[in-house]
Amino acid sequence: MKIIINDTEYEFKKGQMVLDVARANGVHLPTLCFNPLNAQARPAGCRLCVVEVLEGGRPGLQSSCTLPATDGLKVSTRSRPVYNQRREVVELLLSEHEQDCRNCFVSGDCVFSELSREYDINGVSVCSECPNRKQGCLLSRGVLCLGPITYANCDAYCTRRGYNCEGCHSVMKNEDLLRFGLEAFAKAEFTKEEILEAARVFSFEGVDVLEKVMIEEGFK
Amino acid sequence: MKEININVEHLTRIEGHGNIILNAKNGNVEKVMWEVSEAPRLFEAFVREKPYHQLAQITSRICGICSIGHTLASLKATEAAMDIQISPQSELLRRLAIHGENMQSHILHLGYLVSPDLFGVGSVIPLVKTHTDAVLAVVKLHRLANEFSEVVCGRTTHPTNLIPGGFYKTPSPLKLKEYRQKLLDSVETAETVAEIILDNIGALPSFSRETEFIALTTEDEYALYDGVIGSTDAGTYPVEEYVNVVNEFVVPQSTAKYCKNKREAFMVGALARFNLNHEKLSPMALKWAEKFGLRPVCHNPFMNNVAQLVEIVHSIEDSVSLIDRLLIDYKDESRPVITPKAGRGVGAVDVPRGILFHEYTYDKDGICKKANCVIPTNQNHNNIQHDFETFAPQLLDKPEKEIELNLEMLVRAYDPCVSCSTHFLKVEWKR
Ligand code: SF4
Ligand code: SF4
Ligand code: FES
Ligand SMILES: [Fe+2]
């Protein structure tokens, strides 16, 4: 009895799930809720282990930890829909995590930081770490601070010490995040050129996205 | 007679990459070369068309070790170009900034890069086990220097607090007081380090080659932050004439430029400063120079290590007295207001590795039109090459490994920051 994962055939024993076959053969599948020490319990709650069934079963995305291997079943662990779904899962899990997980310095020791890098979950801005964000924000004091549109994880090193953020961690590249960040500038009186010029010191690609979003948002 | 072929590619325990080549036959040196094969850093082009307030921010990134020095040279060039006067208080604070960096950089070089040679090991790691106290003392000093730099400059590297016209935020007087005490307490640690180095100083080869020394110099202090260009051969020059002092030229074996002034080469750095300005060192620094037998004019490049040690002690002592002067009448002078203006200006600072020049030309809106930076290590490459040519023949009867080590130690003594003088692009062809 054989199943096909990513165009390669693998033998399996009765009762094995696709995840088990993959693991036994060194095919990587990310999981969160599956606990190998308690392999009987399969809550199938995290949906991170999804694979796309291509032939020999109900087509579409299914969690591999609970998908029984059957003869002739053909799945993909790395198709576009699989990637998109996993990305969505990680993003939702991190939606309330006020940290730039992707660039976090504990990386290597944290499964989330690995996942957010693997699935390109963009970070949060320096403002989310800044002690001034509730009161005494530099923008309200007329200082051009790039905190709102800069990737965090310096623990707001400069703004915490009273200096403006120069954007040395690079301007964010995600349009939505930039849009949220730019709200902070709407109240402050800086021109589009001033902000772009400051952003250009340490960022390259991000600045083009920033410019596009600024034009859309009607910055002058 | 034996044949000697040494080829050290990517010498370790220096900043950046350089190669050493020695070929000798029948007791004759056929070729000896300090090779710097690097691509230019292009910073002078980066800053063109950038507004004046971004220049220090950008040029400080030339280096991760002497970023405070680059910032200060950059600010001084901008201020000279625009006739900006900074307050006496800001001047004193900037002197603290350069002391902070001098300590940071020198202790890093001596403690982590040179000390393994003194103890005859390959890196600092084995010393952690065998000389735990010494390594701890080094780490302690380094940490203090970092923290002190942060208090004054806002960050330990790539400072945010140093801006054209003065300081973004005047450092807190309470912090200065706190660090005055910490500096005083660190004297003991510095002396521990000095004692250990003194005990092992015999490991430094004795070698001497007469050369010209160039450093900033001034009447009233051991010049680091400010002064005119001084030379042991030729008196003084105004900083505006730096181009005629460094005389950059191109040689085939190096993509970094070479320099010369009165002789075939000159040396910059701690030893050059010592040779020109030793009498203005702090009392304790002088005491240590004496203990090491360091006397001007010293032509042994290996003594640059000792001069650095002496400067660490000087920086500690002088910082304490600068803080005392500052705190007599300390004011909040945060965020000075300045107006840009067209002009050309040169800034010179004696940074850890030697005299550093930045020169900018601005238009009336303060946009940079032209920039030039001459980095200390660039000025030393040529002198290293000439030292090699004199030193190598004296070494030939030693075993090959020992010759290699001696040449490596010679380069290291200059504390070169090759990545600073240019930037090495490592290309490995795999076919
Ligand atoms: S704009 Fe700057 S000062 Fe204001 S909250 Fe954000 S990071 Fe902090
Ligand atoms: S300039 Fe860099 S270190 Fe400073 S607050 Fe901004 S991102 Fe953080
Ligand atoms: S491992 Fe969590 S759903 Fe499969
Ligand atoms: Fe450097």
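Met17(A) sits in the loop between strand E2 (8-11) and H1 of chain A; helices (H or I, at least four residues) and strands (E, at least two) are DSSP runs, numbered from the N terminus. This is a predicted model, in which local features need pLDDT of at least 70, side-chain atom pairs count only at pLDDT 80 or more, and totals for chains, interfaces and linings use all residues. Residues are numbered from 1 along each chain as its sequence is written, chains are lettered from A and ligands numbered from 1 in the order in which they are written, and side-chain values use heavy atoms, with hydrogens and water left out.

Let us stay with Met17(A) for a moment. Leaving aside neighbours within four places in sequence, Met17(A) is in contact (heavy atoms within 4.5 Å) with Arg42(A), Ser64(A), Cys65(A), Thr66(A), Leu67(A), Pro68(A) and Ala69(A). From Met17(A) to Thr77(A) is 60 residues in sequence and 14 Å in space, C-alpha to C-alpha.

Ala44(A) is not a glycine, yet its phi is positive, about 50°. Arg47(A), also a residue other than glycine, has a positive phi near 60°. Are they buried or exposed? Buried means under 20% relative accessible area, exposed over 50%, and partly exposed in between (1.4 Å probe, protein chains only). With a relative accessible area of 18%, Ala44(A) is therefore buried, whereas Arg47(A), at 33%, is partly exposed.

Stepping back, chain A is assigned domain 1 (2-78) and domain 2 (126-216), with bounds that come from an automatic or database domain assignment. The C-alpha centres of these two domains lie 44 Å apart.

Now for the helices of chain B. The expected span is 1.5 Å times one less than the number of residues. Of the 15 residues in H3(B), 14 are buried. After H3(B) comes Asp83(B), with a positive phi near 55°.

Helix H11 (residues 304-328) of chain B passes the same check: 25 residues should span 36 Å, and the end C-alpha atoms are 36 Å apart. H11(B) is mostly covered, with 18 of its 25 residues buried. In the loop between H10 and H11 of chain B you will find Val297(B). The peptide bond from Pro296(B) to Val297(B) is cis, with omega near -10°.

How do helices H7 and H10 of chain B pack? The axes of helix H7 (residues 173-199) and helix H10 (residues 283-291) are 11 Å apart, at an angle of about 10°. Axes are lines fitted to C-alpha atoms, for helices over the stretch in contact, and angles run from 0 to 180 degrees between N-to-C directions. That makes H7(B) roughly parallel to H10(B), a term for angles under 35 degrees. Val187(B), Glu191(B), Ala194(B), Glu195(B) and Leu198(B) in H7(B) meet Met284(B), Lys287(B), Trp288(B) and Lys291(B) in H10(B).

Finally, look for Asn102(B) in helix H4 (residues 88-119) of chain B. Asn102(B) counts as buried because its relative accessibility is 2%. Not counting residues up to four places away in sequence, Asn102(B) touches Leu224(B), Arg273(B), Glu311(B), Ser315(B), Val351(B) and Pro352(B).

Definitions and conventions: Parallel < 35°, antiparallel > 145°, perpendicular 65-115°, else oblique.
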